[in-house]
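Let's take a friendly walk through this structure together. Have the viewer open as you read, and turn the model as we go.

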Amino acid sequence: MLDFAAPDITEADIDAVAQTLRSGWITTAGECLKLEAELASYLDVPHVVTTSSCTAAIEIAVAHLGLAPGSRVGVPTWTFVSTALSAVRAGLMPVLLDIEPETLNLSPRSLAAATDEGLDAVIGVHFGGCAMSRDVHDVCAEAGIPLVEDAAHALGATDHRGLVAGQGTAGACFSFYATKNLTCAEGGALATDSADLADFARSYRLHGLSHDAWARYHPEAPSGYDLLGPGIKGNLPDVLAALARSQLGRFAEMQARRRQVVDCYRVGLKEIPGLELVPAEADPGSADHLMVVLLPESVDRDAVVTGLAGLSWIAREAVL
Ligand SMILES: Cc1ncc(COP(=O)(O)O)c(C=O)c1O
């Protein structure tokens with residue numbers, strides 16, 4: 001298949017992982033705590049809780065809403081399955097909402113119409129790294145419904161609030177999956193300005209326990225734990241947190257390089273007749289996770305994908 005997202009792994013990344021493997025503590029502890037503090041500082045948000053994936057972070061944010069079974073949760077039609085499945089797994093009813101063709105993000109008009117018919121929450125997506133419009137936040141605020149941000153594509157994206165970080169919403173959920181602009185193979189984080197949500201997330205990501213193993217390890221710490229409620233197994237191991245920390249240390253550099261590549265694509269792709277770029281003009285606030293093109297209706301998409309995969313093999317063999 002097309003090498004569209006070969007991970008950017010340096011010797012320093014490998015050293016950081018090796019050091020953690022040698023440290024004697026490989027699961028959730030100091031590296032996670034440092035990553036959380038560093039992400040909170042980068043995002044300028046009071047709380048970041050790391051998780052095993054963005055999916056886990058969304059499930060936590062949805063669980064924190066405490067909605068009754070069958071409650072209606074708006075999700076965009078255009079996204080990855082995790083967005084809607086996080087509602088389904090919580091026993092909630094996903095309500096599919098239209099997107100705007102210009103950005104592929106949730107349409108505020110479609111959202112407003114759905115709130116009139118009754119919605120209990122929304123999970124919006126910052127698709128491809130372009131932040132949802134401010135109108136989505138305003139519609140939710142006006143209707144008094146919580147907005148969970150699926151920010152899987154949006155680490156480093158900015159909107160009217162600054163860097164997307166869950167300010168004033170029910171949490172922003174990031175992904176550090178292998179194809180993302182910051183990766184630790186599998187991982188995620190929940191950013192929020194709510195201490196209550198952050199406390200809930202720390203427990204919910206670890207079965208619902210009151211204390212994790214690291215908190216119990218200190219001499220004065222309590223030796224046991226209570227089960228506060230049913231949670232999930234969604235904590236991030238230190239081995240992966242070390243990789244994420246190493247990547248975060250050069251994130252600005254990686255994003256600057258990504259922007260150069262996107263600019264290059266934009267110039268080159270504009271020359272292909274009939275091809276539309278989404279969004280049509282570069283969004284300066286985008287995290288540039290995806291470079292989206294819309295093919296003319298007459299073109300067979302699958303044939304283009306197969307053709308690109310073939311080109312990738314030719315390029316790979318030339319390198320080998
Ligand atoms: C929009 C969107 N939401 C959620 C996810 C889930 O992320 P993760 O694999 O970290 O659970 C993805 C994954 O690619 C995604 O694209």
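A polar contact here is a pair of N or O atoms within 3.5 Å. Keep that cut-off in mind, and remember that this is a predicted model.

Start at the ligand. H153 brings a polar side-chain atom to 2.7 Å from an oxygen atom of the ligand. S175 also places a polar side-chain atom 2.7 Å from a ligand oxygen atom, and for K180 the distance from a polar side-chain atom to an oxygen atom of the ligand is again 2.7 Å. On its own the ligand would expose 390 Å², and the protein buries 89% of that area.

Now widen the view to the shell around the ligand. It holds 14 residues, and the closest are T55, D150, H153, S175 and K180.

Next, step back to the chain as a whole. The domain assignment gives domain 1 as residues 11-250 and domain 2 as residues 252-319. Their C-alpha centres are 27 Å apart.

How do the two domains meet? In domain 1, 20 residues are in contact with 15 residues of domain 2. The size of an interface is often given as the accessible area lost when the parts come together. By that account, domain 1 and domain 2 bury about 1400 Å² between them, with 57% of it on carbon and sulfur atoms. On the domain 1 side, C130, N181 and R250 supply 40% of the area buried against domain 2, more than any other three residues.

Finally, look at the polar side of this interface. There are 8 residue pairs in polar contact across the interface of domain 1 and domain 2, while the count of salt bridges between the domains is 0. The side of domain 1 that touches domain 2 is made up of 8 nonpolar, 9 polar and 3 charged residues.

How values were computed
Residues numbered from 1 in each chain as written. Predicted model: local features only at pLDDT ≥ 70, side-chain atom pairs only at ≥ 80, totals over all residues. Heavy atoms only, no water. Near = heavy atom within 4 Å. Polar contact = N/O pair within 3.5 Å; in protein donor to acceptor, adjacent residues only side chain to side chain. Areas by Shrake-Rupley, 256 points an atom, 1.4 Å probe, with all protein chains shown as cover. Domains from an automatic or database assignment. Contact = heavy atoms within 4.5 Å. Buried area = accessible area lost by both parts, 1.4 Å probe. Salt bridge = Lys/Arg side-chain N within 4 Å of Asp/Glu carboxyl O. Nonpolar A, V, L, I, M, F, W, Y, C, P; charged D, E, K, R; others polar.
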